[in-house]
Amino acid sequence: MTEFKGVSFSISSNSQTKPQADYYAFDQCAAFSLPDGMVMLNSYRTGKRILMPADSVGLLSQCTTFKSIDAHIEHLINIEPGVAEHKQQISQIFEDLKHQGMLESAQQLIGRLKLAPEQADHPADFAGVFIRTCDRPEQLSRLMGSFADNQKLYGQAFRFYVVDDSRKPESGQQNQKLCRHYHEELDLDVDYYGEQEQKEFISHLIQHFPAYEQIIQWLLGRAEHFDSSQFSGGRLLNHIILKAAGQRFAIFDDDAVCQPYQSPEADHRWNFNSYPKDTWFYENREQLFNAIKPLEFDPLSSHLEVLGCSVGRVLRELSAVELSLDTLQGVSSEKTRNLSADTRVLITRNGTFGDPGTALMTWMYQQGGKTYQHLIEDEEQYRKYASNRTTWLGSHTFRAVNESALMTTTLTGIDGSQIIPPTGPYFRNEDYLFSRLLKFIHPDSLIFEFPWGLPHLPEPARQWHTAKLDEPKTVGILGFMADLANNVQRLCLAEAPQQRLDYVGETYRTLANASYKDLSQGIEENLLHARVAVINDQQSMLAQQPDSPEFWKKDVLRLIETNKNGIAQVDQRLFPDAGIGESRQQQVDECRKTLGVFGDSLAIWVQLWDYCRKNNTRT
């Protein structure tokens, strides 16, 4: 037994090896409390077990990110200054932990990632590029023109599908004409998939699954009980997923442009860290395009080099991109626990220049480092940044992370070779729900991001309004359902994606049958958690930035105070997007209906998806 003030370990070893120039992370472990203040730890990674005092476990829980052993020791000293005089003993204890199999080596992890995958690595066929559009023919034409330029420059011809949700008949007619023009005059292989084509697809599915008619109509059809202004981007996404079932595919929004630009401070190396996000603010679009550098390559081909591939293959394909020990510095062992050469890239994303696609600008108050300094340099500039939606949002490295991923407003690649979930057809946050469910059924898959971006340029240019700082955090119906999936994910131990999808679907159906009191309370508690999180996050940022200028502090305090008021009052209107009725009863009823029918949809989704897969991939 080695003991010293503040920390004691029950590990024995004769090793006298000095720490190597490597990074180590203490394993994620199951902990079992025993009498006399001892804890048994069982490593999830290796199955190794060690016995140690509870106070030691508390300190080692601070060492689960990859650092040098010296850096870990300094970190422990900062936490518990009393251990400073025992640095040599602590160093030996880390050596003991290493030999006991409780520390993961970054060097060894990198070696494993570079191994050839155990199974043959054959990415699925590419179905094509799907463009979601709604009553914006001019912006669709701009995007199609950029596709034509891209094809002319680089010679790679892809198939394009314009998936139209236009509510105005004249918009649909213009979009059809655009597709014919770009097909006949500019040699783009483009198909129009509008209201009539969507109805024919729905009828075809109902013909084969007559018992599921109501669910199919709910997932894919236009709901008559919603007014024409109700957002229905999820409905289009469900069509796309089924039309591309069994294949890889890419999605664009119609107000993007297919021209890559290098991210600010681009660094051609790998990164496995989820945060921080790379963000930069510009006064306006003119300043943005004067500052960024266009790149000469085909962005679609870049996505396909990675999408659906294993990590081992991607490392070989991107052999010129640096993968060093520093790549893993600061990465949590929780993120690397199931990472191997066989881990699959399920989503590919690039960054966004221009409008970031977020309705609110409150996330700017979470920025640190250079971005924060940039925002507070001048109050007049800050006011412009806080209103003009002109930013860079993305990654400055090649980033591979195990997390749920929102689709970008420009280009997102999705590997649909295995079952992927649908999303809610109506209401906002359809991409948030989709990303959470995708993570739920494929928990070990990766999101891959490139250190470049595409422009997102809605017309006319939109504005953020600082008056939103006086509105407390809201969570829509689909956001509530996404949070539910996130909360129960740790309880689902099934391995097969189909079974995991059944599990979350049954969760929704169970809640749909809850009493009004329990469902209403669950919705409200989720909303309170969201508002409390804003308060805590912003208080933490203020504590980290004590020298912030008054204009910055004033707006952050507005945000905090608004959400404090929001948790002090009982909300009658639980959702901002329920669509039917303003009363609490009507809002809860709409949520109940959505939970029930979406739960039923997940129960039959595998059948629909598999039928479409067999038809899509039939030779």
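This is a predicted model: local features need pLDDT of at least 70, side-chain atom pairs count only at pLDDT 80 or more; totals for chains, interfaces and linings use all residues.
Student: What makes H9 and H21 oblique to each other?

Tutor: Helices here are DSSP runs of H or I with at least four residues, and strands are runs of E with at least two, numbered from the N terminus. The axes of H9 (residues 233–243) and H21 (residues 584–616) cross at roughly 50 degrees and come within 8 Å. Those axes are lines fitted to C-alpha atoms, for helices over the stretch in contact, with angles from 0 to 180 degrees between N-to-C directions. Under 35 degrees is roughly parallel, over 145 roughly antiparallel, 65 to 115 roughly perpendicular, and the rest oblique. So H9 and H21 are called oblique.

Student: Which residues of H9 and H21 meet?

Tutor: From H9 you have Asn238, Ile241, Leu242 and Lys243, and they meet Trp605, Leu608, Trp609, Cys612 and Asn616 in H21; contact means heavy atoms within 4.5 Å. The residues of this contact split into six nonpolar, two polar and one charged. Nonpolar covers Ala, Val, Leu, Ile, Met, Phe, Trp, Tyr, Cys and Pro, charged covers Asp, Glu, Lys and Arg, and the others, Gly among them, are polar.

Student: Why does Arg399 count as buried?

Tutor: Buried means under 20% relative accessible area, exposed over 50%, and partly exposed in between, using a 1.4 Å probe and protein chains only. Arg399 has 3% relative accessibility, so it counts as buried. You'll find Arg399 in strand S17 (residues 398–401).

Student: How do you know that Arg399 and Glu449 make a polar contact?

Tutor: Their side chains come to 2.4 Å. The rule asks for a pair of N or O atoms within 3.5 Å; within protein, one must be able to donate a hydrogen and the other to accept it, and residues adjacent in sequence count only if both atoms are side-chain atoms. The pair is listed as a polar contact on that basis.

Student: What makes S4 and S6 edge strands?

Tutor: Strands pair if DSSP finds at least two bridges between them. The open sheet has the order S4-S5-S6, with antiparallel pairing, and S4 (29–34) and S6 (49–53) each pair on one side only. S5 (residues 38–43) and S6 are joined over five bridges, and Met38 has Pro53 as its bridge partner in S6.

Student: Why is S9 called largely enclosed?

Tutor: Five of the six residues of S9 (residues 159–164) are buried, so the rest of the structure largely encloses it. S9 runs parallel to S8 (residues 126–133), with five bridges joining them.

Technical notes: Residues are numbered from 1 along each chain as its sequence is written. Side-chain values use heavy atoms; hydrogens and water are left out.
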